[in-house]
Amino acid sequence: MKVGIDLGGSHIGVALINDKDEIVKKIEKDIEKSENISSEILAMIDSYISKFKEEYNIELIGIASPGNPKVNDLSISNIVNLGIEKLDFKDIFQKHNIPIKLKNDSKSAGLAEFKYGSLKEYEDAVFLCLGTGIGSAVFLNGKLLHANKHIGFELGHIVIDRRGEQCNCGKKGCFETYCAMKRFKERAKKLLNLDNISSEKLLEEIKNNKEAICISNLIDEYIDNLIIGLSNIIDIFEPEAISFGGSFVYFKDLFYEKLVTEMQKRKYTFNKDDVPKIVLAELKNDAGMIGAIL
Ligand SMILES: [Zn+2]
């Protein structure tokens, strides 16, 4: 058995996974930001592993997290959303003596989608996780591409407007400053004068106001920006398919059909016959946990 852990911005998912990479048991818990968040998360992971070890032979622990995984150092640094500078897994490794694999969360989810979900029929594909930012994973010839020093392939930081919105990375006009779902939701809330509203309610309100000019413009503008970002990605990697994950999947009714139609119509790519298939992530929250052990 293996243990796959997905550390998100506000929750942690821990799964016991069998030899067929299927989830046998799953625990999901919310995490709240606190001063001792690093030690709380490490203690939580340690206790789950101890519990699983009582019943099963655990051969691998996979951990997917935002930030920068340092495989040789057994640590993940710069987990911005949780305010964690460094999460160090050396003690857990020493205590349990089980190999630990560390991965970036989007790369993990992408791997699971590539092997078992929306991208399983393709050799050359791109996974984009549209949520708080835009995470990404690129596959060519059946393999995940990775850079040597850090993880690389951060497609969310391709600039689509150099005088555009300020990005956390320091540049202006990055793809994610226009197409992360967080930005879309913030803009929609502002236009509709809504505050403190759930995603479910927000989607309902947007659908109710779809004919309002400000909302239809917002959706059109989102799709325009998405197509520019995608055309850059297509020209570089020539994927057969692009899969969208993250909260985009939840809001798909607003964008999916129009996006596909417009991409076919505009053909913004260098090779005009090179419009990839647009698919939606299938594994939902399980993707990060499964991808962590792959
Ligand atoms: Zn950026």
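## Terms and model

Two residues are in contact if their C-beta atoms, placed from the backbone, lie within 7 Å. Helices (H or I, at least four residues) and strands (E, at least two) are DSSP runs, numbered from the N terminus.

You are looking at a predicted model, in which local features need pLDDT of at least 70, side-chain atom pairs count only at pLDDT 80 or more, and totals for chains, interfaces and linings use all residues. Residue numbers start from 1 along each chain as its sequence is written.

## A five-stranded sheet

Let's start with the open sheet, whose five strands follow the order E11-E10-E9-E12-E13 with mixed pairing; strands pair if DSSP finds at least two bridges between them. At the edges are E11 (143-144) and E13 (277-280), each pairing on one side only.

E11 pairs with E10 (residues 134-140) in the antiparallel sense, over two bridges. Leucine 140 has lysine 143 in E11 as its bridge partner.

## A helix across the sheet

Helix H3 (residues 105-116) lies across E9, E10, E11 and E12, at about 45 degrees to E10 (axes are lines fitted to C-alpha atoms, for helices over the stretch in contact, with angles from 0 to 180 degrees between N-to-C directions).

Now follow helix H5 (residues 181-191), whose buried residues are Met181, Phe184 and Ala188 (buried: 20 or more other C-beta atoms within 10 Å of a residue's own; exposed: 12 or fewer). These three sit on the same side of H5 because they cover an arc of only 60 degrees around the axis, taken from the directions from the helix axis to the C-beta atoms.

On the other side of H5, Glu186 and Lys190 are exposed. Just after H5, asparagine 193 has a positive phi of about 55 degrees.
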